[in-house]
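This briefing concerns the pockets of one protein model and the residues that line them.

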Amino acid sequence: MSNLTVRIPQELKKQLQRLCEQQDRPLSDVVRDSLRRYIAAERFRALRRKTMPFAEARGFLADEDVFEAIS
């Protein structure tokens, strides 16, 4: 593993520390998990942006259209 230094506002740090205490988890674990989730969500959004024109061309304009088609 490698180290990464990130500057965050003091209030965010306090919130993060409280969360770690509540979950009884190390700060590094919570930050790593948060970054993984953020990256996965961003990759999903990017994929969605690429595929939306193709879906719209076939009449899929909302999530509900997709759910209805596969139900």
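The largest pocket holds about 750 Å³ of space. Of its 23 lining residues, L16, L27, S28, V31 and R32 are the closest to its centre. The model is predicted: local features need pLDDT of at least 70, side-chain atom pairs count only at pLDDT 80 or more, and totals for chains, interfaces and linings use all residues. Residues are numbered from 1 along each chain as its sequence is written, and side-chain values use heavy atoms, without hydrogens and water.

**Terms**
- A pocket is an open set of points on a 1 Å grid over the protein atoms alone, where a 1.4 Å probe fits, with protein on both sides within 12 Å along at least five of seven lines; lining residues have an atom within 4 Å of a point.
- A volume is the space filled by probe spheres set on the points, which are joined across faces, edges and corners.

**Largest pocket**
- At least two lining residues come from each of α1 (10–23) and α2 (27–57), helices being DSSP runs (H or I, at least four residues) numbered from the N terminus.
- α2 contributes the most, with eight residues.
- The lining comprises eleven nonpolar, eight polar and four charged residues.

**Second largest pocket**
- Its volume is about 170 Å³.
- The lining consists of F44, R48, T51, M52, A55, F60, L61, A62, D63, V66 and F67.
- α2 and α3 (63–70) each provide at least two of the lining residues, and α2 has the largest share, with five.
- Eight nonpolar, one polar and two charged residues make up this lining.

Key
Nonpolar A, V, L, I, M, F, W, Y, C, P; charged D, E, K, R; others polar.
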